[in-house]
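Visitor: Please show me how to read this model, one feature after another.

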Amino acid sequence: MKKIIQDFEVRENKSLSNVHFILELRSPSELPDIFPGQFAEVLVPGATHTFLRRPFSIHDVDFKNHTISFFIKCVGEGSTKLRTLQKGDMLNVMLPLGNTFGLDLTGKALLVGGGCGVAPLFFLAKCLHEKNIALDILFGACRKEDISLVSEMEKFGNVHVTTEDGSMGEKGLVTAHTVLKDISSYSKIFCCGPEPMMKAVAALAKKNSVDCEVSLENTMACGLGACLCCVTETVEGNKCVCTDGPVFNINSLKWQI
Ligand SMILES: Cc1cc2nc3c(=O)[nH]c(=O)nc-3n(C[C@H](O)[C@H](O)[C@H](O)COP(=O)(O)OP(=O)(O)OC[C@H]3O[C@@H](n4cnc5c(N)ncnc54)[C@H](O)[C@@H]3O)c2cc1C
Ligand code: FES
């Protein structure tokens, strides 16, 4: 798959909350093929300690207008610096990296996103919707302020929300949401979020024999399979999350679930 490393121009930097924002970038040339689940490595400009590129999922793509966007949570120097970028600033980005979610399915799919896990699920939901796949989308977070993009996702399917403090949607963990009572009605589950949450969703999927893919966010450096800092244990031995993933079928992971 063709990869590019080039400067993109910031089109918009839209704040969604105290910590979340969407960065929209425009490529000076036509974008290569990009599929849901893939990510980019971003070189953060002017950050004193952030010399390694930072990985971010492709949140959305507009091939006609040569734009891509990232949904980002501020957690440290790199992401906080990206929040300060202004329209017209330039950002060096390498993309597309990694594998993709499996889009070959029939029947109804469930997308489960925890916190920042919504980032790759938007592009996935858009592509599945274009393929006329019926979707339920379940978001989980600690509190209402951590839930984003509900109205945007409603264009693609039925959106359900859980918060641990009950400030929005059902109170509790995503795995306790009533939509999962009928888990066998889904032909596939796609999940992205904190690892304990993905493991809990994977356990439910496995128990009910529902196909399930998860997107891992192991710490990365090179993003190209060279440094081996992102490996995860699979039934076929250790695999690099950056090149063999980030999307894995739960049956291929050596998870204790
Ligand atoms: C394939 C992949 C896709 C990703 N997609 C997204 C995305 O779409 N949106 C997004 O906001 N983030 C995403 N991440 C996480 C993102 O890469 C990190 O949050 C970012 O690199 C942190 O850089 P920083 O310089 O801001 O923080 P640093 O200064 O590097 O770290 C600050 C703090 O954040 C913690 N931290 C660093 N990385 C992570 C992580 N992966 N998860 C939780 N805590 C972390 C560190 O342990 C440290 O405590 C993704 C990660 C991977 C591997
Ligand atoms: S990040 Fe270097 S091998 Fe995966």
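Guide: Start with what counts as an element. Helices here are DSSP runs of H or I with at least four residues, and strands are E runs of at least two. Numbering goes from the N terminus. Keep in mind that this is a predicted model.

Visitor: Now the ligand. How many residues surround ligand 1, and which are the closest?

Guide: The shell around ligand 1 holds 22 residues, and Ser57, Gly76, Gly78, Ser79 and Ala119 are the closest. Elements giving two or more residues to that shell are β4 (54–57), β6 (67–73) and α1 (77–83). By class, the shell has 11 nonpolar, seven polar and four charged residues.

Visitor: Next, strands. What should I expect of side chains in a regular strand?

Guide: In a regular strand, side chains alternate between the two faces of the sheet. Now look at β3 (residues 39–43). Four of its five residues are buried.

Visitor: In which sense does β3 run against β4, and over how many bridges?

Guide: β3 and β4 run antiparallel, joined by four bridges. Val42 has Arg54 of β4 as its bridge partner. β3 also pairs with β7 (residues 90–97), antiparallel and over four bridges. There, Phe39 is partnered by Leu97 of β7.

Visitor: Last, the domains. What are their bounds?

Guide: The domain assignment gives domain 1 as 4–97 and domain 2 as 108–212. Their centres, taken over C-alpha atoms, are 24 Å apart.

Visitor: How many residues of each domain are in contact with the other?

Guide: Interface size is often given as the accessible area lost when the parts come together. Here we count contacts instead. Domain 1 brings 12 residues and domain 2 brings 10. On the domain 1 side, β5 (60–62) and β6 give two or more residues each. That side divides into five nonpolar, five polar and two charged residues.

Terms used:
Residues numbered from 1 in each chain as written. Chains lettered and ligands numbered in written order. Predicted model: local features only at pLDDT ≥ 70, side-chain atom pairs only at ≥ 80, totals over all residues. Near = placed C-beta within 6 Å. Nonpolar A, V, L, I, M, F, W, Y, C, P; charged D, E, K, R; others polar. Domains from an automatic or database assignment. Contact = placed C-beta atoms within 7 Å. Buried ≥ 20, exposed ≤ 12 C-beta atoms within 10 Å, placed from the backbone. Pairing = 2+ DSSP bridges.
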